There are 2 protein chains.
Amino acid sequence: MMNTFMKQAILEAEKGLRSGGIPIGSVLVRHGKIVGRGHNRRIQNDSAILHAEMDAIENSGRQTADFYSECEIYTTLSPCSMCSGAILLYGIKKVIIGENETFVGEEELLRSRGVDLVVLNNAQCKTMMAGFIKNHYDLWNEDIGEE
Amino acid sequence: MMNTFMKQAILEAEKGLRSGGIPIGSVLVRHGKIVGRGHNRRIQNDSAILHAEMDAIENSGRQTADFYSECEIYTTLSPCSMCSGAILLYGIKKVIIGENETFVGEEELLRSRGVDLVVLNNAQCKTMMAGFIKNHYDLWNEDIGEE
């Protein structure tokens with residue numbers, strides 16, 4: 001199951017790449033079923049907040065706290081401060097991360113709050129990001145808030 | 001200046017209330033000028049991510065990391081985990097909070113990362129939220145992720 005859902009997150013990342021965006025994808029899963037999916041839309045939507053995880057959460061609709069607390073989230077890249085904050089807000093208890101070599105987000109904070117993290121060290125996730133950053137270093141740094 | 005900008009955040013909160021939403025407002029200020037304003041849109045947009053601070057950041061457009069790091073953000077209510085995460089992502093160095101009696105967000109985390117917090121203990125901010133929660137306890141708990 002873990003790889004099935006990560007595959008879907010990767011498909012989202014690829015969709016983002018094809019539409020000119022940063023290849024990061026995410027799916028929100030509840031009781032073994034995808035309830036929200038999304039990808040980074042910074043470039044496509046000129047959005048400062050639609051990271052992949054945020055997009056997946058948003059696309060799950062306006063759900064109750066109970067609903068989110070029964071979800072786990074899959075993301076192709078280690079979640080940044082904003083996305084980690086959303087995970088904490090909604091009590092999402094498990095985060096499955098494609099890779100954390102390109103970028104390490106707030107993994108320590110999430111763990112300290114009792115969130116279960118699994119890092120898959122997925123080669124495809126790494127290759128996608130390496131390719132994008134090589135060609136669009138400026139866009140990547142703009143997104144992740146580095147100078 | 002601090003009260004002028006908080007007044008604008010309150011105007012945003014009131015705008016949100018008039019459109020049936022949760023009365024929390026925010027403005028993003030750079031070099032003494034408002035560059036983004038917004039309010040909580042959970043109810044109006046059925047949005048899980050458009051808290052006031054997120055809306056203000058989003059409405060400032062897709063800016064560079066440099067741009068955000070020169071901003072301060074005004075919010076009528078102490079920022080939750082998600083909004084605090086966005087503040088950390090973008091290196092916003094100062095947060096001016098209308099009140100933190102109704103809800104205390106990630107103030108400790110923000111302070112531990114060097115963000116300057118000012119709590120105004122504003123009576124109007126408290127009255128707005130107290131009135132809303134009294135009439136819509138379910139909507140408030142749905143938004144803030146409590147059960």
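Reply: First, a term: helices (H or I, at least four residues) and strands (E, at least two) are DSSP runs, numbered from the N terminus. This is a predicted model, in which local features need pLDDT of at least 70, side-chain atom pairs count only at pLDDT 80 or more, and totals for chains, interfaces and linings use all residues. Residues are numbered from 1 along each chain as its sequence is written, chains are lettered from A and ligands numbered from 1 in the order in which they are written, and side-chain values use heavy atoms, with hydrogens and water left out.

Me: Thanks! Where do E12(A) and K15(A) lie?
Reply: Both are in helix α1 (residues 2–18) of chain A, three residues apart, about one turn of the helix. The term stands for a side-chain nitrogen of Lys or Arg within 4 Å of a carboxyl oxygen of Asp or Glu.

Me: And how many salt bridges over all chains?
Reply: The count comes to 18. Between chain B and chain A there are six. One of the bridges pairs R113(B) with E106(A), whose closest N and O atoms are 2.8 Å apart.

Me: Which surface do the copies use?
Reply: The same surface serves both, as 100% of the contact residues of chain B recur in chain A. Contact here means heavy atoms within 4.5 Å. In numbers, 36 residues of chain B touch 37 residues of chain A.

Me: How much area do the two chains bury?
Reply: About 3000 Å² between them, 55% of it on carbon and sulfur atoms. Buried area is the accessible area (1.4 Å probe) that two parts lose on being put together, summed over both. I49(B), R62(B) and L89(B) supply 25% of the area that chain B buries against chain A, more than any other three residues.

Me: Can we switch to helix packing? At what angle do α3 and α5 of chain A pack?
Reply: Helix α3 (residues 52–59) and helix α5 (residues 81–89) of chain A pack at about 35 degrees, with their axes 8 Å apart. Axes are lines fitted to C-alpha atoms, for helices over the stretch in contact, and angles run from 0 to 180 degrees between N-to-C directions.

Me: Which residues make that contact?
Reply: E53(A), M54(A) and I57(A) come from α3(A), while M82(A), C83(A) and A86(A) come from α5(A). By class, there are five nonpolar, no polar and one charged residues. Ala, Val, Leu, Ile, Met, Phe, Trp, Tyr, Cys and Pro count as nonpolar, Asp, Glu, Lys and Arg as charged, and the others, Gly among them, as polar.

Me: And at what angle do α3(B) and α5(B) cross?
Reply: Roughly 35 degrees, with axes that come within 8 Å.
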